[in-house]
4 protein chains.
Amino acid sequence: MYRWNWIIEWGTPASAHMHGVKRFIYHGRSEFQEIQVVEYEELGKALILDGKTQSAIVDEYVYHEALVHPAMILHGNPRRVLVLGGGEGATIREVLRFKSVERVVMVDIDPVVIEVAKKYLPEWHQGSFDDERVELVIGDGLKYINEAGEKFDVIIADLADPLEAGPAYKLYVKEFYEAVKKRLNPGGVFVTQATSPSIMPYTHAVIYNTIRSVFKHAAYYHVYIKSFDSVWGFVLASDEKDPSSLDAGRIREYLKNNVIGENRFYDEIAHTHMFSVPKNVRIEIESVKDVATLDNPVFTPA
Amino acid sequence: MYRWNWIIEWGTPASAHMHGVKRFIYHGRSEFQEIQVVEYEELGKALILDGKTQSAIVDEYVYHEALVHPAMILHGNPRRVLVLGGGEGATIREVLRFKSVERVVMVDIDPVVIEVAKKYLPEWHQGSFDDERVELVIGDGLKYINEAGEKFDVIIADLADPLEAGPAYKLYVKEFYEAVKKRLNPGGVFVTQATSPSIMPYTHAVIYNTIRSVFKHAAYYHVYIKSFDSVWGFVLASDEKDPSSLDAGRIREYLKNNVIGENRFYDEIAHTHMFSVPKNVRIEIESVKDVATLDNPVFTPA
Amino acid sequence: MYRWNWIIEWGTPASAHMHGVKRFIYHGRSEFQEIQVVEYEELGKALILDGKTQSAIVDEYVYHEALVHPAMILHGNPRRVLVLGGGEGATIREVLRFKSVERVVMVDIDPVVIEVAKKYLPEWHQGSFDDERVELVIGDGLKYINEAGEKFDVIIADLADPLEAGPAYKLYVKEFYEAVKKRLNPGGVFVTQATSPSIMPYTHAVIYNTIRSVFKHAAYYHVYIKSFDSVWGFVLASDEKDPSSLDAGRIREYLKNNVIGENRFYDEIAHTHMFSVPKNVRIEIESVKDVATLDNPVFTPA
Amino acid sequence: MYRWNWIIEWGTPASAHMHGVKRFIYHGRSEFQEIQVVEYEELGKALILDGKTQSAIVDEYVYHEALVHPAMILHGNPRRVLVLGGGEGATIREVLRFKSVERVVMVDIDPVVIEVAKKYLPEWHQGSFDDERVELVIGDGLKYINEAGEKFDVIIADLADPLEAGPAYKLYVKEFYEAVKKRLNPGGVFVTQATSPSIMPYTHAVIYNTIRSVFKHAAYYHVYIKSFDSVWGFVLASDEKDPSSLDAGRIREYLKNNVIGENRFYDEIAHTHMFSVPKNVRIEIESVKDVATLDNPVFTPA
């Protein structure tokens with residue numbers, strides 16, 4: 001007979017993805033969200049926050065390599081890195097693979113997610129929370145950016161989507177990006193997850209356009225993530241470093257010489273894939289002229 | 001209250017996509033399959049065969065441009081083109097946009113699909129069935145390839161997936177590709193849809209590997225199709241023309257000078273995107289060494 | 001592979017019934033509602049209004065016999081009958097089986113439903129619309145009750161549920177029941193569908209309590225309807241005739257002598273079943289003291 | 001946004017009930033089955049075995065009172081009672097409410113279900129497992145019936161449905177009922193759950209017909225169970241006691257004088273409701289002449 005345990009992930013009221021669940025491993029609620037760890041029949045173990053699959057073991061590396069590697073390589077010699085969000089610990093795992101890294105500050109708002117990740121998601125963090133280069137700060141990323149005086153070479157925003165109901169939308173506005181810029185060392189690089197250019201094209205476009213209004217260089221890119229059943233977007237920005245300057249040879253050499261271990265997804269060809277955005281998507285993104293501000297933020301449809 | 005009309009498209013017994021339906025436009029059964037035309041709330045009008053969305057108005061152009069344009073441009077001067085399948089009429093629509101085309105033979109097994117397409121899918125075919133360069137043959141593509149003596153510059157296979165239950169699997173085996181090769185003029189090019197490298201990676205890989213065993217040059221490529229909630233794959237092959245020889249400048253010039261109208265998806269950047277396959281997908285495809293034959297065919301899981 | 005065509009009938013946001021559809025027969029929208037005729041795989045042909053299955057061929061007789069027969073037999077000699085709603089034509093079909101009936105007025109607001117029923121639901125009406133005793137009035141039942149001067153022996157309300165969005169809620173309030181009472185001949189009987197005592201126990205109870213505040217005698221009863229996946233409730237009322245006076249012998253004799261043809265569901269045992277309401281349901285209904293009025297109506301949760 | 005955690009309970013491949021889940025409380029697998037305790041949003045806490053809701057807190061009392069009380073009252077003075085199955089502990093809870101009861105043997109095959117019930121379902125058993133009159137036997141009910149020499153006044157079969165895949169079907173055949181009969185004291189009464197007369201009418205009818213071939217008196221009855229979204233059936237049998245002899249007065253008196261506490265569902269009116277089976281159901285059940293035997297058992301469709 002048919003499966004009976006399902007997570008139905010709604011994209012909109014008229015579309016959803018059904019994922020069969022083999023085992024419900026953890027189910028709780030923190031101050032901020034509903035937290036679940038499940039074993040999907042097809043995607044394997046996964047973290048779900050408020051009904052949205054954050055990452056699944058089958059391809060979390062695609063998302064995390066895509067988020068971290070272009071920014072780190074564009075920088076060229078990242079020593080101090082700030083990660084906002086990234087509760088699973090896989091973002092700092094990727095950061096720590098870069099030999100030049102001396103210090104990583106990770107700021108996450110939800111201590112329950114961290115505890116759940118430490119206990120149930122060892123394949124994600126692989127002990128990164130115990131690396132002596134890592135400082136974990138439980139707190140609001142926005143507050144940290146505004147108040148902590150420290151500067152970084154690379155800042156990585158691995159945050160929840162800007163839902164109208166949640167606090168994360170304040171980390172997708174012009175004021176925030178200006179504050180981020182002040183926390184970057186000269187030559188610093190910023191990257192953020194930027195929602196799906198397929199499911200939420202307007203949101204994705206506004207995030208890009210807002211970042212572009214703050215940084216001299218900005219580039220959008222995206223890649224298909226099977227466990228999201230969709231493509232997922234990112235925006236990479238810097239005042240001094242131009243993303244279009246990254247060529248295949250430099251990426252290949254950099255990964256070979258300056259990164260510990262082998263990538264599974266990201267290499268110079270994957271880079272070309274992600275940054276070569278098809279015409280229809282380019283037109284859709286570039287037609288948007290809106291800039292998100294605290295007074296006029298952008299939301300993801302909920 | 002919530003939507004009530006749904007098509008649930010099962011990828012496997014443990015995963016499915018739910019699409020809300022605004023209007024059921026046509027529902028019938030032919031000798032070969034169950035045929036539906038619906039208006040999805042999000043994807044708009046769509047053709048569904050045996051519960052699988054074939055193409056939706058919101059992005060049918062992505063699929064059809066991706067299928068047709070690389071092969072036509074690789075050839076360089078296609079005059080005679082054979083299309084196997086492609087019942088909606090959008091594949092021949094794209095072919096007819098190439099100025100050099102003098103004759104198109106389209107072979108489709110199901111006359112009911114053609115009638116439904118003519119009546120309900122004018123946005124797809126846009127009158128292409130009435131173009132005097134087009135000859136429509138209702139019949140078995142395999143038989144046509146084996147028996148019709150005519151040769152073509154480009155052969156395009158826009159067929160149903162190789163389901164174990166259906167007859168299409170015979171058009172995904174070595175014997176078929178050898179027969180196709182005999183129907184190509186010197187310098188001829190073949191392209192086929194090749195299932196999803198994400199949902200059916202083994203099937204995709206075997207199709208590629210089988211074609212590679214027949215043609216001197218073969219390349220796999222893929223693109224995300226929103227209405228399939230997944231990436232979709234293709235294989236492009238030729239004995240004389242190397243797909244890797246297609247560079248950005250040549251594609252740009254060709255589209256400008258030799259194709260009527262503007263593409264919506266495909267241009268030299270989309271081409272680079274599709275043919276730059278990320279590392280994990282390359283490894284998965286290239287690790288497969290199986291070749292499909294009539295005695296040992298490859299199927300898509302049903 | 002699994003079925004793909006589904007109607008998902010939501011009871012509440014946290015519960016729903018999925019019905020596989022074999023064939024979509026009709027799909028349209030009238031001024032009042034979305035209208036569908038489908039062939040369910042298990043329930044057979046069915047009429048669906050705004051996503052709610054109204055009746056299915058597999059057991060429409062249970063609903064229609066349960067609605068019509070107790071009221072008619074309680075009356076004892078019904079000659080003039082008013083049916084409000086009942087678009088499928090099965091309610092008047094049952095009324096017409098009573099030999100004493102001389103005139104039936106059916107008032108339905110939606111002419112499209114009537115047309116659809118005439119064309120696609122012959123198994124329901126079985127030609128009843130053409131019976132010379134029947135007068136069909138397209139119009140608002142509330143207006144008809146208030147303005148038409150004619151009086152009836154039995155009035156049957158076979159109406160849509162009192163949704164907040166729709167107009168039907170005005171036919172579930174004290175003012176309406178008072179108007180109905182004025183249209184009854186001496187000895188007249190009123191019956192109405194009264195939503196589900198399981199899915200909407202409060203609504204069911206208020207309908208009962210409201211009717212009880214208007215008529216001297218009132219009784220609630222219910223029966224399981226497979227195509228609703230639930231029990232369904234009714235309220236039977238009269239000033240002169242006491243429903244509890246109906247005994248098995250009288251029902252058996254009446255059906256034998258005064259009704260044409262054989263019932264499939266309703267007999268004296270089914271009557272006992274329906275009117276013997278289990279303790280928990282009795283307590284739940286009788287604990288409600290609210291009365292619905294135009295100023296303070298009762299709604300079904302939507 | 002919509003709910004995401006769902007149990008989809010399939011009745012058949014073309015019909016299912018979706019229940020939103022608030023919290024997954026326990027999820028494990030025993031030697032015999034997959035075991036879950038969840039908190040449904042609407043039905044509250046529930047036990048689910050192999051994807052089938054066994055009972056939910058919102059109405060488990062309907063099922064358990066319906067199963068236990070008619071048999072106990074029909075007997076008139078039950079002192080020794082055997083319960084086969086009934087892992088939640090609610091069946092023995094109801095048995096223990098009868099003042100005459102001196103000894104209850106409960107035989108359940110799955111110790112994990114018992115442990116889960118003890119820990120997570122206190123509202124069900126209410127300490128019954130600790131009652132000194134209760135002996136709990138972990139083992140096969142069929143073996144117990146055949147080998148244990150003890151006799152009982154009432155035997156209650158609260159078993160899983162006779163799935164083809166599982167072992168329970170052997171407890172729904174003539175040989176089993178003959179063995180049960182040998183374990184009854186003079187005047188003894190047997191009752192069994194008998195699947196749904198709505199979802200599985202043939203199975204229900206064969207169970208009745210098989211029991212009728214073994215016992216002098218047998219009666220089928222059923223009641224709507226909201227958490228099953230259906231009616232559920234039982235068969236009551238005895239060689240000496242005729243179920244039709246139970247009248248309202250006797251039930252009322254018996255409950256008042258011989259049972260501790262108040263029933264929530266079952267009283268003399270609920271009894272009449274359950275045993276007054278509507279015509280269509282009677283005809284369906286009584287048209288079946290098949291008898292299930294070990295060589296020719298009856299199964300529930302899976």
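**Entry 1: strand pairing, C with B**

I started at the strands. Strand 1 (residues 5-12) of chain B and strand 1 of chain C pair in the antiparallel sense over three bridges. Two strands count as paired if DSSP finds at least two bridges between them. Helices (H or I, at least four residues) and strands (E, at least two) are DSSP runs, numbered from the N terminus. I looked up one bridge: I7(B) has N5(C), in strand 1 of chain C, as its partner.

I note the ground rules here. The model is predicted, with local features needing pLDDT of at least 70 and side-chain atom pairs counting only at pLDDT 80 or more, while totals for chains, interfaces and linings use all residues. Residues are numbered from 1 along each chain as its sequence is written, chains are lettered from A and ligands numbered from 1 in the order in which they are written, and side-chain values use heavy atoms, with hydrogens and water left out.

**Entry 2: the C/B interface**

How many residues of chain C are in contact with chain B? I find 23 residues of chain C, facing 23 residues of chain B. Contact means heavy atoms within 4.5 Å. The area buried between chain C and chain B is about 2,200 Å², and carbon and sulfur atoms give 65% of that. Buried area is the accessible area (1.4 Å probe) that two parts lose on being put together, summed over both.

I searched for salt bridges (a side-chain nitrogen of Lys or Arg within 4 Å of a carboxyl oxygen of Asp or Glu). Between chain C and chain B the rule finds zero. Polar contacts are there: 15 residue pairs, both residues at pLDDT 80 or more. A polar contact is a pair of N or O atoms within 3.5 Å; within protein, one must be able to donate a hydrogen and the other to accept it, and residues adjacent in sequence count only if both atoms are side-chain atoms.

On the side of chain C that touches chain B, strand 1 (5-12), strand 2 (15-29) and strand 3 (34-40) of chain C each supply at least two residues. Strand 1 of chain C gives the most, with seven residues.

I superposed the copies by least squares on the C-alpha atoms of residues with pLDDT of at least 70 in both. A rotation of 180° with 0.0 Å of shift along its axis puts chain C on chain B, RMSD 0.0 Å. That is the relation of a two-fold axis. Which residue of chain C comes closest to the rotation axis? W6(C) does, at 2.7 Å (C-alpha). The same surface serves both copies: 100% of the contact residues of chain C recur in chain B.

**Entry 3: the A/B interface**

Next I took chain A with chain B. The contact takes 40 residues from chain A and 40 residues from chain B. The two chains bury about 3,300 Å² between them, 55% of it on carbon and sulfur atoms.

I count four salt bridges between chain A and chain B. One of the bridges joins D267(A) to R282(B), with the closest N and O atoms 2.6 Å apart. Strand 2 of chain A gives the most to the side of chain A that touches chain B, with six residues.

Strand 2 of chain A runs antiparallel to strand 2 (residues 15-29) of chain B, joined by five bridges. There H19(A) stands opposite S15(B).

Chain A superposes on chain B by a rotation of 180° with 0.0 Å of shift along its axis, RMSD 0.0 Å.
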